[in-house]
Amino acid sequence: MSLRLFNTLTKQVEEFTPIKKDEVGFYSCGPTVYGYQHIGNYRSYVFADTLKRVLRYNGYNVTHVMNLTDVGHLTSQADTGEDKMEKAAKKEGKTAWEVAEFYTKDFWVAMDKLHNTRPDIVCKATEHIKEQIELVKILQEKGFTYKTSDGMYFNTSLLPDYGKLAGQHFDEKLSQARIEHDPEKKNQSDFALWKFSPKGEKRQMEWESPWGVGFPGWHIECSAMSTKYLGQPFDIHTGGIDHIAIHHTNEIAQSEAAYNLPLAKYWLHNEFLLVDGQKMSKSLGNVYTYVDIEKMRFDMVALRYLYLTTHYRSKMNFTGKSLSAAQNALSSLQEKVATYGESKVGCAEYEEKFLSALNNDLDTPSAIAIMWDMVKSDKPGSAKKASLLKFDEVLGLGLADIKKEQIPDDIQALAKKREDVRKAGNFSEADVIRKELLTKGYSVEDTPEGPKVKKTR
């Protein structure tokens with residue numbers, strides 16, 4: 001059964017074929033660690049984790065690389081403004097290094113709560129300055145760079161297919177975005193490879209280079225680090241849809257110019273997340289972190305479940321109601337798993353349908369629907385559990401950690417007595433016993449498989 005994925009580069013669903021048989025090199029864009037990540041960011045990381053899980057579910061050996069941007073990401077897309085790290089350091093009264101460490105730790109807390117598996121390689125921009133300088137030197141030797149008063153820039157006009165990922169030359173996009181004109185740029189789509197430290201000002205993060213003291217541009221880190229750890233080309237590059245027009249477009253340009261090879265074979269991007277139908281913004285007060293989700297008394301795994309109910313290429317609308325529904329569904333699933341017995345044999349027909357859905361461009365909403373069809377079927381509970389644990393290798397809901405609830409002997413005896421009198425037709429006495437169980441903190445649910453006793457408090 002083949003895996004098919006939508007390739008942003010070709011704008012079509014393609015059968016996935018790795019460069020090396022059974023081996024997948026996978027790079028995903030990580031966070032800029034100058035502040036808290038939010039539920040929109042989390043969606044991108046859950047998407048990348050789900051893709052990795054699906055690849056491994058299909059038997060591929062995956063090497064997952066993710067960057068941490070801790071320098072060089074400016075507040076403006078036009079290579080102007082402050083470095084986000086330096087700006088956060090001034091605001092918080094810390095060093096830029098302390099800011100990076102604090103928000104990196106917070107990021108991993110969120111990822112663990114979401115059950116995201118850790119990348120095989122996590123690489124920081126500040127730990128790969130040498131590699132970034134070497135890449136800029138290659139571009140300079142090939143004639144793709146020029147110098148302005150504030151840095152070394154890439155000349156996009158020398159690439160005929162610049163902007164192919166976005167499907168439009170970036171000069172047009174800049175014009176539409178009304179970005180202020182820079183008279184020193186040869187083309188307004190040109191971007192910084194290396195920025196000089198401002199005159200008369202010492203930055204916290206700056207390094208010597210052949211062109212002067214400064215720091216790398218945002219885009220160069222991903223090209224340098226992905227090539228170092230995965231080679232070029234590698235198989236898959238992912239990120240949010242907002243990366244297409246600028247960040248990923250510029251990664252492709254500098255990497256292909258340097259090595260005359262594609263950067264990645266497949267590009268996958270997840271869509272935006274809205275909150276109550278609106279974009280997230282601090283002014284609207286709708287930017288939520290994991291702390292906010294937990295203050296609402298929701299489990300972060302419920303948020304993961306909610307993400308999976310919307311296809312990664314579709315916009316997702318987050319609401320309190322939708323998260324509550326996801327929490328209820330997850331709780332119901334956990335309760336069922338806790339009551340099922342053990343078996344090594346699952347429900348083969350549902351497992352086949354589940355894999356088929358996943359391999360259709362990561363159709364997790366259909367996969368979840370198939371899972372629930374199986375749960376509601378008349379298959380033995382033990383077989384359902386065996387399949388659910390397989391499904392959870394992809395879904396990441398932590399079902400293997402759900403333990404069968406231990407019901408005390410006296411409660412089991414009461415439940416059995418209730419069942420006996422109920423079968424004898426003495427429903428009034430059965431109801432009395434049911435109420436007694438409730439006072440002891442247990443409920444009884446009559447199912448086709450027999451009465452199910454569970455704790456209520």
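Reader: Over how many bridges do β3 and β10 pair?
Author: This is a predicted model, so a word on its terms: local features need pLDDT of at least 70, side-chain atom pairs count only at pLDDT 80 or more, and totals for chains, interfaces and linings use all residues. Residues are numbered from 1 along each chain as its sequence is written, and side-chain values use heavy atoms, with hydrogens and water left out. Helices (H or I, at least four residues) and strands (E, at least two) are DSSP runs numbered from the N terminus, and two strands pair if DSSP finds at least two bridges between them. For β3 and β10 the pairing is parallel, and the number of bridges is three.

Reader: Which residue in β11 stands opposite I236?
Author: Start from β10, where I236 stands opposite F26. Now turn to β11, where the residue facing I236 is Y266.

Reader: In which strand order is the open sheet built?
Author: β5 and β11 are at the edges with a single partner strand each, so one side of each has no neighbour in the sheet. The pairing is parallel, and the five strands follow the order β5-β4-β3-β10-β11.

Reader: What angle does helix α1 make with β10?
Author: Helix α1 (residues 39-57) packs on the sheet and touches β3, β4, β10 and β11, where contact means heavy atoms within 4.5 Å. Helix α6 (residues 218-230) lies across β3, β4, β5 and β10, at about 150° to β4. The direction of α1 and that of β10 make an angle of about 150°.

Reader: What handedness does the crossover from β10 to β11 have?
Author: β10 (residues 234-240) and β11 pair in the parallel sense over six bridges, with W267 as the partner of H237 and H269 as the partner of G239. Between these two strands the chain passes through helix α7 (residues 244-259). With the strands pointing away from the viewer, a path from the first strand over the helix to the second that runs clockwise counts as right-handed. This β-α-β crossover is right-handed.

Reader: How many of the seven residues of β11 are buried?
Author: Buried means under 20% relative accessible area, exposed over 50%, and partly exposed in between (1.4 Å probe, protein chains only). In β10, seven of seven residues are buried. In β11 (residues 264-270), also mostly covered, the number is six.

Reader: With which side chain does the side chain of N116 make a polar contact?
Author: N116 sits in the loop between α3 and β5, and its relative accessible area of 9% makes it buried. A polar contact is a pair of N or O atoms within 3.5 Å; within protein, one must be able to donate a hydrogen and the other to accept it, and residues adjacent in sequence count only if both atoms are side-chain atoms. Leaving aside neighbours within four places in sequence, N116 touches Y45, V46, D49, M111 and R304. Its polar contact, at 2.7 Å, is with the side chain of R304.

Reader: How many disulfides are there?
Author: A disulfide is a pair of cysteine sulfur atoms within 2.5 Å, and the count is zero. C222 is in none, as its nearest cysteine sulfur, that of C29, is 4.1 Å away. The number of disulfides is therefore, by the 2.5 Å rule, zero.

Methods
Axes fitted to C-alpha atoms, helices over the stretch in contact; angles between N-to-C directions.
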